[in-house]
Amino acid sequence: MSSSVQEYLEKHMLSRKIEDAVNAAVRAKTPDPVLFISNHLKKGVPSVITKVKARQILDSRGIPTVEVDLFTNKGLFRASSPSANISSPSGLVYEASELRDGDKATYLGNGVTRAVRNINEKLSQALVGMDPTLQNQIDQAIIELDKTQHKKGELGGNAILAVSIAACKAGAAEKEVPLYKHIADISGRGSSHVLPVPAFTLISGGKHAGNDLAIRDIMILPIGAKRFEEAMQMGSETYHHLKAIITEKYGAQGCNVGEDGGLAPNVSSFKEGLDLVKEAIDRAGYNDKIKIAIDVAATDFCVGTKYDLDYKSPNKSGQNFKSGEDMVEMYKELCRDYPIVSIEDPFDMEDWEQVKYFSELGICQVVGDGLLMSNSKRIERAINEHACNALLLKVNQIGTVTEAIEVVKMAKDAQWGVIISQRSGETDDSFIADLSVGLATGQIKAGAPCRGERLAKYNQVRFSSLMSMPSPAPFFLVLGYGEVN
């Protein structure tokens with residue numbers, strides 16, 4: 001053996017490391033010693049980020065978004081960013097900004113090549129060499145690289161989130177644990193993980209569908225299921241019963257779907273839609289096991305201080321305005337007549353007084369989406385003013401995994417419910433499923449029990465055989481299906 005080879009072996013202690021690997025293979029009595037030794041040596045090498053590469057892909061609406069491949073010496077980890085409703089500018093001042101190209105000649109101005117370039121030229125350089133298990137340090141480095149604080153406007157919230165999620169997946173792989181366990185660990189939650197109750201979209205309306213229904217979603221919550229697998233079955237069966245009912249009453253054209261897979265019959269009133277869902281639940285035989293949730297998204301039809309429930313009907317719009325007080329009475333009536341346990345955004349996003357008054361009635365879970373925008377300052381205000389009792393978290397509104405963990409902790413410390421949510425523009429990335437389990441949010445809203453990009457989230461919750469009975473809780477704070485190991 002030449003002196004240079006001997007020096008190399010001694011410098012890197014290779015002889016000792018190889019001997020240890022061989023001894024381990026002998027003790028394990030492995031049938032494939034070469035593979036065993038290779039894996040053993042690989043485990044001994046601390047993982048670091050070696051490369052970050054981004055590209056432009058299309059989301060579920062055919063609109064560009066960002067996908068990232070993050071490399072470590074353990075492999076490749078891919079993540080993509082969901083997209084907001086780009087036709088709805090309300091509230092964008094409070095959430096992380098998506099960076100789009102603005103060139104109307106390409107993708108109608110919605111391209112994300114600038115965000116991709118920021119990852120490939122700036123974020124990649126900053127993150128190479130970092131330990132993927134240190135999520136907080138990675139996210140802090142990203143935030144410091146962007147000069148616009150909470151808005152993420154320089155690098156793009158869509159760029160930042162995709163990189164943050166990819167790093168989180170790499171961190172889990174380095175620790176050789178499932179992603180949800182890694183999330184629980186970095187959040188300080190430890191070893192208890194709660195499976196979420198799914199909020200399945202059954203009927204879509206508002207700006208998510210082409211019908212005359214003002215509210216955005218009518219959803220079902222299978223809170224009587226003992227296992228997540230059973231909840232999926234209940235959601236699917238009810239959805240298909242609803243489809244049959246709509247076909248009977250409105251014809252096949254009534255079974256068109258909205259952006260997240262909800263059926264979109266041409267109903268115009270809250271009650272008409274709720275009656276259809278109630279009948280579907282009854283046909284499925286789940287009257288005692290399924291409750292209803294609605295996403296009103298009232299900002300979409302708020303005009304001044306009034307609400308135009310016919311805003312999507314040109315012949316009726318402007319003729320039937322309701323005051324905030326009228327809306328409260330309507331919600332009270334709906335909760336009395338239907339098994340509604342959760343109402344999201346019942347008032348305009350700046351109507352703090354009405355939402356506070358309604359929450360104080362204690363009728364149901366009152367969820368802040370547009371009201372909060374996953375923004376820590378608005379969440380803090382809502383907690384202090386008792387303006388709602390549940391947070392709808394959309395990770396792309398806040399920008400990084402670490403910041404998402406922080407606002408969930410804020411909500412839980414206030415004894416709020418937490419719902420991890422999809423966006424209208426989705427991809428097949430299932431990260432929010434692991435986020436919901438790891439943070440024990442107890443609720444997940446990922447759309448209808450159909451369409452691949454929606455089911456990617458629900459199907460990721462694959463721990464049904466480990467579930468126990470639901471924990472007892474106030475009816476308006478659904479806590480999930482017990483713990484998994």
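Predicted model: local features only at pLDDT ≥ 70, side-chain atom pairs only at ≥ 80, totals over all residues.
Q: How far apart are the closest N and O atoms of K445 and D295, and where do the two residues sit?
A: K445 is in strand β15 (residues 442-447) and D295 is in strand β7 (residues 291-295). That puts them 150 residues apart, so to speak in distant parts of the chain, and both of them are buried. They still form a salt bridge, with the closest N and O atoms at 3.2 Å.

Q: Which strand does K445 reach through its salt bridge with E344?
A: The side chains of K445 and E344 meet in a salt bridge at 2.9 Å, N to O. K445 lies in strand β15, so the pair ties together parts 101 residues apart in sequence. The strand that holds E344 is β11 (residues 340-344).

Q: Is E344 buried or exposed?
A: The cut-off for buried is under 20% relative accessible area. K445 counts as buried because its relative accessibility is 5%. E344 comes in at 3% relative accessibility, so E344 is buried.

Q: What separates E385 and R381 along their helix?
A: E385 and R381 form a salt bridge, with the closest N and O atoms 3.0 Å apart. Both residues lie in helix α12 (residues 376-385), four residues apart. Their separation is therefore about one helical turn.

Q: What are the relative accessibilities of E385 and R381?
A: Partly exposed is the range between the buried limit of 20% and the exposed limit of 50%. E385 counts as partly exposed, and R381 does too. The values are 26% for E385 and 35% for R381.

Q: Over the face of which residue does R381 lie?
A: R381 already has a salt bridge with E385. R381 also lies over an aromatic face, at 3.9 Å from the ring centre. The residue with that ring is W352.

Q: At what distance from the ring centre of F71 does K51 lie?
A: For a Lys, the NZ atom must be within 6 Å of the ring centre and within 35 degrees of the ring normal. K51 lies over the face of F71. The distance from the ring centre is 5.3 Å.

Q: How many aromatic pairs does the structure hold, and what is the geometry of F301 and Y311?
A: The structure holds seven aromatic pairs. In one of them, the rings of F301 and Y311 have centres 5.8 Å apart and planes at 25°, so the pair is stacked. F301 is in the loop between β7 and β8, and Y311 in the loop between β9 and β10, so parts 10 residues apart in sequence are tied together. With F301 at 2% relative accessibility and Y311 at 23%, F301 is buried and Y311 is partly exposed.

Q: What is the angle between the ring planes of Y307 and F347?
A: Y307 sits in strand β9 and F347 in the loop between β11 and α11, 40 residues apart. Both are buried, and their ring centres are 6.4 Å apart. The pair is edge-to-face, with an angle between the planes of 65°.

Q: What is the radius of gyration of the chain?
A: The chain has 16 helices and 16 strands. For 485 residues the globule rule gives 23 Å, and the chain comes close to that, so it is as compact as a globular protein of that length. Its radius of gyration is 25 Å.

Definitions and conventions. Residues numbered from 1 in each chain as written. Heavy atoms only, no water. Salt bridge = Lys/Arg side-chain N within 4 Å of Asp/Glu carboxyl O. Buried < 20%, exposed > 50% of the residue type's maximum accessible area, 1.4 Å probe, protein only. Phe/Tyr/Trp six-rings, centres within 6.5 Å; stacked < 30°, edge-to-face > 60°. Rg over C-alpha atoms; globule rule 2.2 N^0.38 Å.
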